[in-house]
Amino acid sequence: VGWGACFLYAACGVIRLARFNAAAGERKDFIGVPSPTAAAAVACPALLTGGQALEAPWVPGYLLLVVVIGLLMISPVRYFSPKNLRFGPRPYRALALWAAILAGLIMRYEWVIPGLIVLYLLSPLFRPWFARRRKGALASASIEPPASERGDR
């Protein structure tokens, strides 16, 4: 069963990379989990256990993780591409977030890295919320504030 899961993961990785190379033009998002993220996801248990072997009760869960991540690589689910990251009118918020992530990585990388990977894997579930929020921000930005708030004299 373990060899089958590993083969499925490897085959999905090959299909993912072939589809990525065959895609025409530049895309805004990734279709399916990117291969580096998938590799990091299946390596996370090594971080969490400090490189020790998984205990027997955890092995079926890890097997399921390998299969699910493999299938997510070839899924039609869209994942955010960091190359399209825009900080917007308030870059200090993004800077504060990056500083918090960096501090977490320095203090507890073995927990922060798996946490960030889980958030990224679940990010398509939050896409509608981000879209509504962005739409609301664009709508409010299109309304010009009064001169007193703009700083005009």
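## A nonpolar surface patch

Val118, Leu122, Leu125, Phe126, Trp129 and Phe130 make up a nonpolar patch on the surface, and their accessible area together is about 600 Å². Patches consist of residues with over 30% relative accessible area and no salt bridge, with nonpolar side chains (Val, Leu, Ile, Met, Phe, Trp, Tyr) joined within 5 Å and like charges within 9 Å. Accessible areas come from the Shrake-Rupley method with a 1.4 Å probe, and for residues only the protein chains shown count as cover.

One of the patch residues, valine 118, lies in helix α4 (residues 91-142). Valine 118 counts as partly exposed because its relative accessibility is 44%; the cut-offs are under 20% relative accessible area for buried, over 50% for exposed, and partly exposed in between (1.4 Å probe, protein chains only).

## Basis of the model

This is a predicted model, in which local features need pLDDT of at least 70 and side-chain atom pairs count only at pLDDT 80 or more, while totals for chains, interfaces and linings use all residues. Residues are numbered from 1 along each chain as its sequence is written, and side-chain values use heavy atoms, with hydrogens and water left out.

## Overall layout

The protein chain has 5 helices and 2 strands. Read from the N terminus, the order of its elements is α-β-α-α-β-α-α. Helices (H or I, at least four residues) and strands (E, at least two) are DSSP runs, numbered from the N terminus. The protein chain has 153 residues, of which 22% count as buried.

## Helices α1 and α2

Two packed helices are described by the angle between their axes and the distance between the axes. For helix α1 (residues 2-22) and helix α2 (residues 35-48), the axes come within 10 Å and cross at roughly 160 degrees. The two helices are therefore roughly antiparallel, a term for angles over 145 degrees.

Leucine 17 belongs to helix α1. With 45% relative accessibility, leucine 17 counts as partly exposed.

## The salt bridge

Side chains of opposite charge can pair when their charged atoms come close. A salt bridge is a side-chain nitrogen of Lys or Arg within 4 Å of a carboxyl oxygen of Asp or Glu, and the count by this rule is 1.

Glutamate 110 forms a salt bridge with arginine 108, and their closest N and O atoms are 2.9 Å apart. Glutamate 110 is buried, at 17% relative accessible area, whereas arginine 108 is partly exposed, at 47%.

Key. Axes are lines fitted to C-alpha atoms, for helices over the stretch in contact, and angles run from 0 to 180 degrees between N-to-C directions. Angles under 35 degrees count as roughly parallel, over 145 as roughly antiparallel, 65 to 115 as roughly perpendicular and the rest as oblique.
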